[in-house]
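Visitor: Hi! Could you walk me through this one while I have it open in my viewer?
Guide: Happy to, just bring it up and ask away.

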Amino acid sequence: MFSRVLIANRGEIALRVIRACKELGIETVAIFSEADRGSQYLDLADQAFCVGSAKSMDSYLRIDRVIAAAELGKADAIHPGYGFLAENAHFNEVCRSCNFEFIGPSPDAMEKLGDKNTAREMAIAAKVPVVPGSDGLIESEEDAINAARKIGFPVLIKATAGGGGKGMRVAADEASLQAAVVQAQTEAKAAFGNPGVYLEKYIDRPRHVEVQIIADQHGNVVHLHERDCSVQRRHQKLIEESPSPRLPEATRKAMCDAAVRMVRQANYYNAATVEFIVDQQDNFYFIEVNARIQVEHPVSEMVSGIDLIKTQILVAAGEKLSFTQQDIKPRGAAIECRINAEDPDRNFQPCPGKIQTMYLPGGYGVRVDSHAHAGYSVPPHYDSMIAKLIVHRATREEAIETMQRALSELRITGIKTTAAFHKTVLAQQEFVDGTVDTKWVERVLLPRLQSS
Amino acid sequence: MAESSKKPERAAPESTSKGDDVFNIERISRLIELMKEHNLGEIDLRQEGQRIRLCGVGHGMPFVQAPMFAPGMMQAAAPAPLTAAPAAAPSAAAAPAADADGPHIAIIRSPMVGTFYSKPNPTSKDFVEVGSNIQSDTVICIIEAMKVFNEIPAETRGKVVQVLARNEEAVDVGKPLFKIDTRG
């Protein structure tokens, strides 16, 4: 077992890893930027080193300084957390070549599954459904029609050089297809300098459902069922829950089995999340793999009873999983709300600043993962999440009630947070009914709130 | 890189040395053992006109371990300067009084994470010491990380007023290394 682990991250996930290490009897080495100097959670680590100035590029992303800190701190393993260097295969390799165990997958598996294209190919090879697509750029009008017929309308025309939702157009039928393709190509050339476009099936009102996987270095791969993360705004998750409401049992089983198949095929070990979208007919399609631990891992922990971070560390140290798939019997329902330092009344504008008072909820079924506290200054340089509020109850109805109670108890002054917005979401009929899709917040809820 | 120290077994109590002679060989051997045991870098003894100073360098002498950090310590100013004795594991000395500093005082801080070396190699003199005059390209120390020894230029000119890091100390970004009087 490791004697000392360096956590190459900050904030709540750094605290989460420190806690797991403490319970495993492992010493911890933390790193921090100048902007995080003095953060109280750093006192819980055995050592802490400043790795640079506030900007991530000058600190948390500085591989040389992270490795130097691991060397100085005499760590034998490094946990990358999420974000920052967590899915950087080069960092993964550097850690290992400097004799620090990387608490995550092998660099090879990380690269293979982490790359959207190779992952898609692996999914197809593993007979996992993928979003039907043209599998290549559209070279001609005939190309477009043939591809669209194969995929089925409506189709989404996407720029190959694009991203973040830019350069996309929808064509509902053959009549509008040609014009839409030409428009998309023109826009793509203007925005990205590359007119290449491809087609994908347009999924109407998709739900985002992902499967948590944990695998050891001995070939054991176990899933911890799914999480539904459909409450999003601009592709950022706001609320996650398990189980996915209204997901047919057959679909759940097929998705979980598909996720295990893919991870096994990639010889992947440690934690991963396989993301799918589910359409209104409950068909599921593979999207991508996140080759790391995720923000919303507590949701799966509550329902499965498995401490994922501890398990990650044990797996990295060469231990076999202490449980089999048969041992995983999900219990109850869990919901997580990401409490961000943002003002929902001002278009979710980030609100960095000093927290004056902070009163946290508690009681049966409530878990808070947070590095923040009264007197803590939320820095403007990183993501705006200051706390994760997680509830776990026997039923989804009860979980919603408990989350409402917990959100009401939560008091943070000095900065604005999204707590009240979460209360509003939980009170909407669509959320209660479990019919939310990934665009629902923007398409339905925000206009509804604006007009009232 | 700092080696972990091995504590030698405690020697059986010696027979009393002859009188109070600091140059008694048994006493000197005992002092050396004590230095190893307690990770002392230096002992400076004076007694009635006699003085002996033992500096631990080279093979066989334990190196000072990287101290355990709490973030607060990283901000504390100066541990005792190197020439003071005895030097045990660094303890945070009192921060210099604010009015002792002024706008002419500059603090050179570590630009990187690594091990601070005040001298080019264990047997040489320090790059600079209190009183040294420096220019911006004067190499004031080496900071080593991953077996790469980086010569750190002062990037300021003046006179060294205080040395704030000890040889082989673990330093991180922002750690104060030297106090410089820029008027000097």
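Visitor: Which element gives the most to the lining of the second largest cavity?
Guide: That is S10(A), which supplies 4 residues to the lining. Please keep in mind that this is a predicted model.

Visitor: Which other elements give two or more residues to that lining?
Guide: Besides strand S10 (221-233), there are strand S11 (236-242) and helix H13 (429-433), again in chain A.

Visitor: How many residues line it, and which lie nearest the centre?
Guide: The lining has 15 residues, and those nearest the centre are Asp228(A), Ser230(A), Val231(A), Glu241(A) and Val436(A).

Visitor: And what is the lining like by class?
Guide: It has 6 nonpolar, 3 polar and 6 charged residues.

Visitor: How much space lies in there?
Guide: About 100 Å³ for the second largest cavity. The structure holds 4 cavities of 30 Å³ or more.

Visitor: Let's switch to helices. How many residues of H10 in chain A are buried?
Guide: Helix H10 covers residues 308-316 of chain A, and 7 of its 9 residues are buried. The buried ones are Leu308(A), Ile309(A), Thr311(A), Gln312(A), Ile313(A), Val315(A) and Ala316(A).

Visitor: What caps its N-terminal end?
Guide: Asp307(A) does: one of its side-chain oxygens lies 3.2 Å from the backbone nitrogen of Ile309(A). Just after H10(A), Gly318(A) has a positive phi of about 95 degrees.

Visitor: Which residues other than glycine have a positive phi?
Guide: Asn99(A) is one of them, with phi near 70 degrees. Another is Lys127(A), with phi near 55 degrees. Most residues other than glycine have a negative phi, and most peptide bonds are trans.

Visitor: Where do I find Asn99(A), and is it buried or exposed?
Guide: Asn99(A) is in the loop between helix H3 (89-97) and S5 of chain A. Its relative accessible area is 66%, so Asn99(A) is exposed.

Visitor: Which peptide bonds are cis, then?
Guide: One is the bond from Phe153(A) to Pro154(A), with omega near -5 degrees. Pro154(A) belongs to the loop between helix H6 (141-151) and S6 of chain A. Another is the bond from Ser242(A) to Pro243(A), with omega near -5 degrees. Pro243(A) is in the loop between S11 and helix H8 (249-265) of chain A.

Visitor: Since you mention S6, how does it pair with S8(A)?
Guide: Strand S6 (residues 155-159) of chain A pairs with S8(A) in the antiparallel sense, over 5 bridges. Leu156(A) has Glu200(A) in S8(A) as its bridge partner. Strand S8 itself (residues 197-201) has 4 of its 5 residues buried, so it is largely enclosed by the rest of the structure.

Visitor: What about the open sheet, what order do its strands take?
Guide: Its 5 strands are ordered S3-S2-S1-S4-S5 (chain A), with parallel pairing. At the edges are strand S3 (47-52) and strand S5 (101-102), each pairing on one side only. Inside chain A, strand S1 (residues 4-7) runs parallel to strand S2 (residues 27-33), joined by 4 bridges. Leu6(A) stands opposite Val29(A) in S2(A).

Visitor: Last one: what is in chain B?
Guide: Chain B has 2 helices and 10 strands. From the N terminus on, they run α-β-β-α-β-β-β-β-β-β-β-β. Of its 184 residues, 38% count as buried.

Note on methods: Residues numbered from 1 in each chain as written. Chains lettered and ligands numbered in written order. Predicted model: local features only at pLDDT ≥ 70, side-chain atom pairs only at ≥ 80, totals over all residues. Heavy atoms only, no water. 1 Å grid on protein atoms, 1.4 Å probe; cavity = no way out; pocket = protein on both sides within 12 Å on 5 of 7 lines; lining within 4 Å. Points joined across faces, edges and corners; volume = space filled by probe spheres on them. Nonpolar A, V, L, I, M, F, W, Y, C, P; charged D, E, K, R; others polar. Buried < 20%, exposed > 50% of the residue type's maximum accessible area, 1.4 Å probe, protein only. Polar contact = N/O pair within 3.5 Å; in protein donor to acceptor, adjacent residues only side chain to side chain. Pairing = 2+ DSSP bridges.
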